[in-house]
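This report concerns a predicted model. It treats an open sheet and then an annotated site.

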Amino acid sequence: MAGTGVFTDIVDGDGVYKFYSEGEWRNSSSGKSVSIINPTTRKTHFRVQACTQEEVNKIIETAKTAQKSWAKTPLWKRAELLHKAAAILKEHKAPIAECLVKEIAKPAKDSVTEVVRSGDLVSYCAEEGVRILGEGKFLVSDSFPGNERTKYCLTSKIPLGVVLAIPPFNYPVNLAVSKIAPALIAGNSLVLKPPTQGAVAALHMIHCFHLAGFPKGLISCVTGKGSEIGDFLTMHPGVNCISFTGGDTGIAISKKAGMIPLQMELGGKDACIILEDADLDLAAANIVKGGFSYSGQRCTAVKVVLVIESVADILVEKVKAKVAKLTVGPPEDGCDITPVVTESSANFIEGLVMDAKQKGATFCQEYIREGNLIWPLLLDNVRPDMRIAWEEPFGPVLPVIRINSVEEGIHHCNASNYGLQGCVFTRDINKAILISDAMETGTVQINSAPARGPDHFPFQGLKDSGIGSQGVTNSINMMTKIKSTVINLPAPSYTIG
């Protein structure tokens, strides 16, 4: 169970989870805690430390010192420790998954999958890091016009320093390790600021890295209120890189962070374009999977269906039939649709639904809500003047907009201020490629719902969906910088011929 067995050290006698600093689990000097509300019961389930700015200062100071030594650690040794952490993480998947169920109402089976996937990501990152960072580049000066071969340039990748990682509530373990593992293999130190909902799962995950034997101070995990330590962390002069996944907060961070590398994924309004020649059974299955998995609380969820009018009636009926089979209830039962993460989230979703109702959308199911639990809802005949056509609900509500041409669908997709992913369903590969090229999104899926994984694939957004690119290789490269050493020769040097 959470907080027991090997995890006993991470919780104090009052049941408040500690923060992690200098290789130790500690209580904050503030004497305060932050409550974590169980989305299902809507009651406090966990509490974490409310850390102070002074404690943040100490963590970053320690991280800078630890990073200097870590950068001198052989690459194979860094990889060895990451492999060890991955094994420990997978070994203790059950208590970590339990935290995800209680904190973010993630279905039990999906919670276990997230932890296992995270362990696999850490191991893959260790192996990929050895390959990427073990290679350099050699340039000679006479490859540029006007130069003799009097200079040799050797380039390699070196760490940035202290990386600040801020994952979101919906994948607090997987999206944390997608930042932690690349940072560590590249020779950086890592400060994790987990989301409030998901913090306890993240603390359990960090303890797995602790048990693996990483040097003290190299990894830290600070919890607390964003209003007290959020800006202080992101604007801290000791931070050399920020990797953030979340919402509009990322835009504010980017304006305040200064001249450091930023990696940000900030949400999407992923459009699904259905052509008249599409396999409608395949499309319907992917729309339901993409739109309602984890109650739609995914950046890569299908957020709007744009279907050619001639096949819209058939498609909507197929989707309705599949929606009717979705199970609704508590995450402990492994239901398909579980409570959304907070009451404020449920209220926001309801606001979008009521706006659509007022403006004449067709409700394919009755709108039902009990607390944070919202039954899956398909809205047909949605028009561009409805909020749901543009805003990201992050819940189990999916709008269908009927279109008369492919161009109309592309226009709607590109008119969004988001540009994370999109998808197109057609049997014509030529049409698929042309539409993909025209869609202003970081990724386009052909005949499949949007998805972030596999975790080594590049993952990026355009416009307000973020900056930079994720995926194991891209993250390692982003968390390093190029160092060049130029050897100047006294005379031109050529291979003896």
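Which residue in strand 22 stands opposite cysteine 423? The residue facing cysteine 423 is glutamine 445. Strand 22 is joined to strand 21, which comprises residues 421–425, by four bridges, and the two strands run parallel.

Both strands belong to an open sheet of seven strands, ordered 15-18-19-14-13-21-22, with mixed pairing. At the edges stand strand 15 (362–363) and strand 22 (443–446); each has a single partner strand, so one side of each lacks a neighbour in the sheet. Helix 10 (residues 309–323) packs on this sheet, and its direction makes about 135° with that of strand 14. The strands touched by helix 10 are tabulated below.

| Strand touched by helix 10 | Residues |
|---|---|
| Strand 13 | 271–274 |
| Strand 14 | 304–308 |
| Strand 18 | 377–380 |
| Strand 19 | 397–403 |

Turning to the annotations, UniProt places the feature "domain: Aldehyde dehydrogenase" at residues 25–484 in an unreviewed entry.

Glutamate 265 is located in strand 12 (residues 262–265). Is glutamate 265 buried or exposed? Its relative accessible area is 2%, which is under the 20% cut-off, and therefore glutamate 265 is buried. Apart from neighbours within four places in sequence, glutamate 265 is in contact with Phe244, Thr245, Gly246, Cys299, Leu420, Phe459, Ser465, Gly466 and Gln470.

Terms used. Residues numbered from 1 in each chain as written. Predicted model: local features only at pLDDT ≥ 70, side-chain atom pairs only at ≥ 80, totals over all residues. Heavy atoms only, no water. Buried < 20%, exposed > 50% of the residue type's maximum accessible area, 1.4 Å probe, protein only. Contact = heavy atoms within 4.5 Å. UniProt positions renumbered as here; feature names shortened; annotations may be inferred. Pairing = 2+ DSSP bridges. Axes fitted to C-alpha atoms, helices over the stretch in contact; angles between N-to-C directions.
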